[in-house]
Structure formats: C-alpha cells, structure tokens
Amino acid sequence: MRRTRRTSAAVIRNVPGGAVLDDRAGFHELTRTANTKNATSTTRMTGRTDMENAMHAVGRPILDLLSRYRARDPREAADVARVRALAEGADDPWLRSIPLHVTASALIVHPASGRVLMRWHARQRSWLQVGGHGDPGESDPLEVVLREGQEETGLGDLAPYPDPSLARLVQVVIVPVAAGGGEPAHEHGDLRFLLATADPDAARPENPDAPLRWMTPAEAREATSEENVREALRRVEESLTVAAERG
C-alpha cells in the first residue's frame, strides 16, 4: 500500500504569516492545524481520505492504459467497461481473492520472421500466450507482463511492439476461469500486450510441462482452443503486416 506524503514546504505555505520557526511548540501546533484543515478539505472535494486515494492509486496505471485504448466491438467495449469499473472501485484490482481481478498477458513476436511464440498450458490443454497475475506490490500492467514473459520464456530483451517506448494494449478480454487448484470459479480481466524479441533462439521453457513453440499466426490460430486468443492473433498478424509494409 502506497501512502502520499506532504513536504515541509507545503506545510509552511499553509502556516499563517504570524508563525515563526523559533516558536517550536506554536509552530508545530499551527502545522498540525494546517494539515488537518488540508486533509479535511481534500476529503470534502474528492470524497476520499489520503489513505483511500493511495489505495485507489493502484488502479491508476490500468486506467491510463484503458484511456488510450479503443475496443474493436461492443463485446470488447463491455469488457473494457467492467475492467475500468474494477480499477476505479477496487482497493487492489490485482487481488486474486476477488471474483474478477486483473491479469496481464502478451503475444510475443519475432518481427523478422513474422512468428509468434506460444506456450503450452496444461490446465487449459491448449497453446496460449504468456502472462499471469501481478505479484504483491505490482500495479503497472506492463511491468507485470514483462516479468511474466521473461520468467516463462527466458527472453531478456522483451519490449513493446511496434514502438518499444510506448506500452499499448492489443486486446482487453474478460476470461472465465473454472474452479481448480484450490480456487473457486472466477474471472480474469486480461490486459493483452504485443511484445517483441530479436533473439528467438534464446527462448527457454519455464519448466518441462510448459513447452514453447514458435508458430506463424495462422498456425497459432489452429493450435489454440480459445476464440479470444484467435482474435488476439488476428490483431497480431495485422500489426506485423503493417510494420512490414512500412519497412
């Protein structure tokens, strides 16, 4: 949980002109009064305390991403709206204990060959993308997916594609997850990115039960059992085609 902190300069600006620094007791009393008034004013304006603002700040990186994203169809727009409401209303939208929580995943491409890296998921019995849950203290979806991607593939050069300096979503989808592994049935609000590597031969599976395979987007669409992943792969192929045409 992050807490906001006020600087001493901000306090001094709120001290009436008659306060003097040498009057320690009086100065600190004026400081406490000023802080109390500021906190009360902030709460009245926003309806939240500083602690509540800090808690809701966990969802800010999600909201920033969603503000730059355009859904492709009404169904995706509905999923985006639910994820936005979660990020605005939940103390921590990444918590696995809530029925709908945020996850971050990515399709990894090797632009030079036009291939995409798929990972075998034993639980779903299908070839899917990499990614997963945020660790405690994480709030930035891109940081989550870069960590997950490196852990699951061993690739250390992963970066957003086509612009390495700009984190952009390729898809937002709410995925139902059946009960299992000690968890009840729940939903993932999955934020999907497109990442690239320049070193496809460096890919190594996280464990023997989660093999990796480079495929063309068409091969990957045939291999996966999930229609929402097929749609993500169609968008990946569009991005690769546009980038190739631009040279």
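## Contacts of Leu-191

Leaving aside neighbours within four places in sequence, Leu-191 is in contact with Ile-62, Leu-66, Val-83, Val-102, Thr-103, Ala-104, Ser-105, Pro-141, Leu-169, Gln-171 and Val-172. These contacts belong to a predicted model. One of the listed residues, Ala-104, also stands opposite Leu-191 in strand β7.

## The largest nonpolar core

What is the size of the largest nonpolar core, and which residues have the most contacts inside it? This core has 34 residues, and Leu-191 and Phe-193 are those with the most contacts within it. Several elements give two or more residues to the core: the helices α4 (60-67), α5 (74-89) and α6 (141-153), together with the strands β1, β6, β7 and β8 (212-215). Among these elements, β1 supplies the largest share, namely five residues.

Strand β7 covers residues 186-196. Is this strand mostly covered or mostly exposed? It is mostly covered, since ten of its eleven residues are buried.

Strand β7 pairs with other strands in both senses. With β1 (residues 100-110), the pairing is parallel and extends over ten bridges. With β6 (residues 169-177), the pairing is antiparallel and extends over eight bridges; here Val-177 has His-186 as its bridge partner in β7. Strand β5 (residues 159-160) also runs antiparallel to β7, and two bridges join them. In this pairing, Ala-159 has Ala-196 of β7 as its bridge partner.

## The protein as a whole

How many helices and strands does the protein have? It has eight helices and eight strands. The chain comprises 247 residues, of which 41% count as buried.

Contacts may also be considered by the separation of the two residues in sequence. Among contacts between residues at least 6 apart in sequence, 66% join residues that are at least 24 apart. As for the surface, the protein exposes about 13800 Å², and carbon and sulfur atoms supply 51% of this area.

Note on methods:
Residues are numbered from 1 along each chain as its sequence is written. This is a predicted model: local features need pLDDT of at least 70, side-chain atom pairs count only at pLDDT 80 or more; totals for chains, interfaces and linings use all residues. Side-chain values use heavy atoms; hydrogens and water are left out. Buried means under 20% relative accessible area, exposed over 50%, partly exposed in between (1.4 Å probe, protein chains only). Helices (H or I, at least four residues) and strands (E, at least two) are DSSP runs, numbered from the N terminus. Two strands pair if DSSP finds at least two bridges between them. A nonpolar core is a set of buried Ala, Val, Leu, Ile, Met, Phe, Trp, Tyr and Cys residues joined through side-chain atoms within 4.5 Å. Contact means heavy atoms within 4.5 Å. Accessible areas come from the Shrake-Rupley method with a 1.4 Å probe; for residues, only the protein chains shown count as cover.
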